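Dear colleague,

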Amino acid sequence: MLNMISYELLLFVLAPILILVFLSLDVLFLTWLERKVIARIQLRYGPNRTGPFGLLQPLADALKLIQKEDIIPKTADKVVFTLAPIISFVAASLPFMFIPFSKFFQISFIENALIFLLATSALSAIGILLAAWGSNSKYPLLGGMRAIVQVLSYEIPLVLAVLSIVLIVGSFKLTDIVEFQEKNTWLILLQPLGFLIFFISGLAEASRVPFDLPESESELVAGFHTEYSGMKFALLLFAEYIHLILISILITIFYLGGWLIPGIYYLENIAITIGNSFNIPSHISISILHFIILIIKAHIIIFLILWITRGTLFRIRVYSLPVFSWKGLVPLSMINLIITAILVVM
Amino acid sequence: MVLKYRFEGYEIEVKDNEILLNLGPQHPSTHGLCRLVIKMEGEKVKEIIPVIGYLHRGVEKICENRSYIQIIPITDRMDYLSSMNNNFAYVLAVEELLGLKIPERAEYLRVIAAELNRIASHLLFIATFGMDIGSFTAFMYGFRDREMILDLLEEMAGARMLYNYMRIGGVKRDVGKEFFERCLKVLDKLEEKLKDYERFFLENELFINRTKGIGILKPEDAIKLGVTGPNLRASGVKYDIRRVDPYSIYDRFDFNVITDNGCDSYARFIVRLKEIKESMKIVRQAIRDIPEGDISARVPKVIRPPEGEVYSRVESPRGELGVYIYSDGKSDKPYRIKFRVPSFANLSAFPHFNKGIMLADLIVSFASIDIVLGDIDR
Amino acid sequence: MNEEDIVKRLKEKFGDRIEAKIKRKKRIFIMIDREDLIEVSNYLFKELDFKFFSTITAVDFPDRFECIYHISRHDGILILLKVRIPKNDPRVKSIVTIWPGANWHEREAYDLMGIIFEGHPDLRRIFLPEDFKGHPLRKDFKLQEAKWF
């Protein structure tokens with residue numbers, strides 16, 4: 001039997017691997033999901049030849065990308081060009097260190113997890129900028145510039161929206177946020193405006209339609225990854241999807257109660273009973289349950305993002321993008337913060 | 001530091017804070033093989049130099065070495081999105097040279113074919129315009145509805161894109177009664193679909209934001225620069241060849257010439273959307289009035305027109321499509337044939353009304369003038 | 001103003017220097033010499049309101065070149081303004097200042113027929129590459145057909 005301390009040690013060693021494996025598999029699944037959902041919206045079938053419902057299509061794509069010749073353009077800055085995909089992949093996966101997938105399942109149990117999380121999630125812009133600069137080509141450069149403008153503009157409303165949550169909960173710990181929601185109610189009811197702001201800024205952060213400016217196909221060919229191919233391209237793509245997963249998990253944790261659903265106690269009891277019959281300690285079986293619920297919720301959010309935005313919206317005008325943030329979202333999130341502060345004090 | 005670049009005989013100076021961007025010939029939104037060389041400061045466009053000719057096949061020279069009948073399929077391949085209208089312009093010119101009288105039924109069939117083709121072309125415009133703004137969904141929807149029209153045209157001509165349907169003196173073949181019934185059914189269906197488009201595009205804040213006020217072409221500039229077709233009408237100039245210089249039997253139909261005073265990309269979109277409805281109106285009237293009878297006049301096997309020249313023009317979906325033919329009276333091949341294509345003039349005007357625009361807006365503006373490179377380069 | 005009025009006014013203004021005839025409804029054919037081009041064009045543009053410029057057709061006749069300017073009015077009357085150009089000196093004044101839309105059409109005529117438009121701001125080849133030899137639409141430029149054709 002494992003006690004609590006060795007469990008933490010185990011987490012520290014095993015969890016990163018587990019999470020990375022999960023992320024990779026989930027990205028593969030998401031590429032399939034995106035193509036399938038968009039295809040159905042657009043009166044197409046989507047991938048349907050490889051495996052049941054085309055589920056093996058991502059594997060085939062990945063195999064193709066691995067086999068591809070690794071091309072580095074002659075004029076590119078070789079070091080930066082090679083480093084950029086790695087940096088953006090690492091930067092995109094770093095925030096997962098601070099995300100509680102369950103009460104007991106988190107890689108790093110530090111006090112100020114939220115601050116680290118926000119700081120690391122902003123790092124991915126550096127990867128994009130490096131990719132853009134290292135390619136030494138005009139379309140990637142323009143895409144990279146747009147990416148920076150986007151991240152700079154939308155990081156602020158995002159953080160401000162999160163701050164109002166911190167004000168309400170009174171802690172920087174993500175588990176505390178979920179616990180608060182367990183005791184009271186889901187934060188989306190207390191912070192509807194904050195939820196909207198976070199959702200929109202999150203879309204911009206993950207550069208999804210309508211904010212897919214850094215790679216807007218019709219203007220900049222493929223934006224910052226124009227010159228990339230093979231595994232490097234795959235890594236950049238991975239980073240992007242991981243960012244999408246991150247945003248949807250954050251939305252779930254901050255506003256939709258994390259792993260909480262009505263009737264969670266019965267489910268937990270069932271999980272513990274089943275776990276006991278296999279000799280699994282109860283906090284591990286609870287962790288697995290929480291993890292599954294959280295991921296399902298996050299994927300519902302991802303599905304909504306695909307459906308509402310990718311399927312039906314146009315790309316926003318580049319020049320109204322910062323305007324929309326600075327003149328629309330930032331003041332709104334400020335007001336939201338102030339009102340929250342007043343209500344909390346009262 | 002000032003750098004000098006030279007391409008295709010054009011010299012351009014680029015300062016330190018400017019970059020020269022090569023938009024095309026391989027680029028997702030140049031609609032074929034057009035190359036725009038753009039001098040930008042940041043993302044602000046300072047100079048646009050279109051470079052064309054990547055699809056140049058020398059159609060006019062080829063035509064001089066073909067007999068009159070052999071030219072019809074060649075006209076299909078100029079503006080491949082409105083082949084019926086190209087056929088139309090060409091056969092009108094030859095018939096005027098010969099002084100032929102066309103049977104009524106053939107005239108009606110021609111009008112139906114040309115207007116259906118106009119609808120298909122405008123639907124494709126809506127599709128590609130949507131895609132250039134970033135919605136692939138719009139693209140698929142446009143293609144789906146164009147497919148219905150293409151099925152009809154396939155039934156008429158036997159081909160889906162390069163119809164080769166019209167003949168000197170008439171049309172290739174007749175259609176049965178069921179065709180008209182099907183045609184009316186498709187038009188009713190399309191009417192429903194058009195409401196979807198209106199909801200999808202015109203009620204979308206992002207769409208309005210991206211197209212309103214982009215690429216403003218003032219009416220006096222539009223006339224001066226030789227812009228024709230929906231682009232001209234979107235600048236508020238009521239000029240439609242079907243009305244001002246009626247050809248075939250267009251003077252019998254009741255339809256409106258759509259204009260819009262917006263002068264911008266949004267107006268150009270609206271005009272095309274509304275023109276689909278007007279074309280549908282014309283097709284409905286034509287189906288109502290079409291008489292029975294022959295579909296082709298009696299034409300000699302070898303066409304040898306008397307000496308003379310003619311310039312006939314039609315309103316193609318992109319603007320004024322004119323055909324000039326000079327026949328020397330001796331041979332069965334035209335001595336000189338010239339196609340006045342609408343996209344050519346529209347593209348030539350493009351750099352003039354888009355200075356100082358942003359790169360992303362340039363793409364929208366470029367998509368909104370709806371050019372076909374096969375048409376421009378010939 | 002109908003076709004007859006236009007022809008009458010042109011005849012009054014230019015007299016013998018101009019041959020004008022009405023071919024059919026809304027089609028007027030005018031023949032002039034190249035020296036008169038700018039004058040006639042200005043008159044057409046300013047007095048007779050011919051604002052819509054369609055195109056330029058250059059024709060290679062055995063004894064001369066002919067440039068045909070297709071210009072129309074808002075009511076659809078179309079003039080084919082034909083300018084005779086001698087074979088050994090294919091030059092004509094540019095009309096870009098009057099109809100700016102003629103810019104590319106003149107470049108096309110230069111590219112394919114080799115007629116030089118004096119005063120054109122940017123007379124380069126438009127379809128063919130810069131280093132192409134000859135002008136394909138001239139009759140002495142033989143089309144090379146594939147042998148099997």
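In this predicted model, the contact between the two chains takes 50 residues from chain C and 45 residues from chain B. The area buried between chain C and chain B comes to about 4,100 Å², and carbon and sulfur atoms give 56% of it. Phe52(C), Trp104(C) and Phe127(C) together supply 18% of the area that chain C buries against chain B, more than any other three residues.

One of the pairs forming a salt bridge is Glu309(B) with Lys82(C), whose closest N and O atoms are 2.0 Å apart. Between chain C and chain B, 22 residue pairs are in polar contact, with both residues at pLDDT 80 or more.

On the side of chain C that touches chain B, two or more residues each come from strands E1 (19-24), E2 (27-33), E3 (52-60), E4 (64-72) and E5 (78-86) and from helix H3 (103-113) of chain C. The largest share, 9 residues, is given by E3(C). By class, this side of chain C has 25 nonpolar, 16 charged and 9 polar residues.

One helix of chain B may also be of interest to you. Helix H11 of chain B, residues 265-289, has 25 residues. From its first C-alpha to its last, H11(B) reaches 36 Å, close to the 36 Å expected at 1.5 Å a residue. H11(B) is mostly covered, with 19 of its 25 residues buried.

With kind regards

Note on methods:
Residues are numbered from 1 along each chain as its sequence is written. Chains are lettered from A and ligands numbered from 1 in the order in which they are written. This is a predicted model: local features need pLDDT of at least 70, side-chain atom pairs count only at pLDDT 80 or more; totals for chains, interfaces and linings use all residues. Side-chain values use heavy atoms; hydrogens and water are left out. Contact means heavy atoms within 4.5 Å. Buried area is the accessible area (1.4 Å probe) that two parts lose on being put together, summed over both. A salt bridge is a side-chain nitrogen of Lys or Arg within 4 Å of a carboxyl oxygen of Asp or Glu. A polar contact is a pair of N or O atoms within 3.5 Å; within protein, one must be able to donate a hydrogen and the other to accept it, and residues adjacent in sequence count only if both atoms are side-chain atoms. Helices (H or I, at least four residues) and strands (E, at least two) are DSSP runs, numbered from the N terminus. Ala, Val, Leu, Ile, Met, Phe, Trp, Tyr, Cys and Pro count as nonpolar, Asp, Glu, Lys and Arg as charged, and the others, Gly among them, as polar. The expected span of a helix is 1.5 Å times one less than its number of residues. Buried means under 20% relative accessible area, exposed over 50%, partly exposed in between (1.4 Å probe, protein chains only).
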